[in-house]
Amino acid sequence: MSTSDEPGEHYFTADPAVAFRREPVTASVWGRDLDLVTGSGVFARGRLDVGTAILFRETSPPSDAGRVLDLGCGWGVVGLAIAAAVPDARVTCVDVNERALLLTRENAAALGLADRVDALLPDDVDPATTYDEIWSNPPIRVGKAALHELLLRWLPRLAPGGRAVMVVGKNLGADSLQRWLTEQGWPTARLASAKGFRVLETRRA
């Protein structure tokens with residue numbers, strides 16, 4: 001996983017201190033080219049990271065999902081790709097990084113998706129909202145305990161029959177995470193494996 005441009009400062013910092021420089025990128029996702037803007041202090045500045053590219057390559061858009069959560073959205077590529085591919089979807093993009101949320105909002109507006117995409121801090125999300133699907137390239141480097149806390153906070157927001165789709169590096173503990181989720185009562189299967197990454201699907205039991 002990438003870090004910000006500032007030594008010792010991570011993309012999951014709430015308010016990065018590094019100077020804010022925008023950098024454009026075109027992401028080809030599910031047959032669409034999305035012209036987006038990334039920025040310093042946000043994960044994967046100026047590129048579509050390998051894990052997210054594999055997530056897209058090994059999946060299809062969630063065509064029947066009404067409400068979708070992009071957990072740890074960064075500059076918003078996952079949530080925006082879903083909103084672009086699924087006209088009826090309402091997408092909530094969540095991140096602790098204020099710059100990430102700013103870029104997600106700017107990208108949503110540029111793509112004409114601002115009416116169906118919300119970019120929010122975790123504590124600003126309506127606690128009553130549930131989701132048909134959660135998609136994520138989760139911030140593994142926050143540490144195992146913090147990652148487990150993050151997932152146990154948001155997975156219960158899945159609606160009955162809902163699922164979460166995540167991409168995790170094998171060398172960053174994807175297989176142990178799969179086992180742990182299943183042990184916690186969240187049955188998790190491997191959808192795909194490519195270039196050292198696993199695409200995992202967690203179902204609400």
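Thr104 is a residue of helix H3, which spans residues 98–110. In this predicted model, Thr104 has a relative accessible area of 0% and is therefore classed as buried. Leaving aside residues up to four places away in sequence, Thr104 is in contact with Cys73, Gly74, Trp75, Gly76, Leu80, Cys93, Val117 and Ala119.

Two cysteines, Cys73 and Cys93, are included among these contacts.

## The cysteine pair

A disulfide is a covalent bond that links the sulfur atoms of two cysteines. The cut-off applied here is a sulfur-to-sulfur distance within 2.5 Å. For Cys73, the closest cysteine sulfur belongs to Cys93 and lies 4.9 Å away, which is too far for a bond. Cys93 is likewise in no disulfide, its nearest cysteine sulfur being that of Cys73. The count of disulfides under this rule is zero.

Are these two cysteines buried or exposed? Cys73 has a relative accessibility of 7% and so counts as buried. Cys93 is also buried, because its relative accessible area is 0%.

An open sheet is formed by seven strands, arranged in the order E5-E4-E3-E6-E7-E9-E8, with mixed pairing. Its edges are strand E5 (117–120) and strand E8 (188–194), each of which pairs on one side only. From one strand to the next, the twist averages 15°.

Within this sheet, strand E3 (residues 67–71) and strand E4 (residues 90–94) run parallel and are joined by five bridges. Asp70 has Cys93 in E4 as its bridge partner. Helix H3 packs on the sheet, where it touches E4 and E5, and the direction of H3 makes about 165° with that of E5.

## Overall architecture

The protein comprises five helices and nine strands. Starting at the N terminus, its elements follow the order β-β-α-β-α-β-α-β-β-α-β-α-β-β.

Of its 205 residues, 52% are counted as buried. Considering contacts between residues at least 6 apart in sequence, 68% connect residues at least 24 apart.

Notes. Residues numbered from 1 in each chain as written. Predicted model: local features only at pLDDT ≥ 70, side-chain atom pairs only at ≥ 80, totals over all residues. Heavy atoms only, no water. Helix = DSSP H or I, 4+ residues; strand = E, 2+ residues; numbered from the N terminus. Buried < 20%, exposed > 50% of the residue type's maximum accessible area, 1.4 Å probe, protein only. Contact = heavy atoms within 4.5 Å. Pairing = 2+ DSSP bridges. Axes fitted to C-alpha atoms, helices over the stretch in contact; angles between N-to-C directions.
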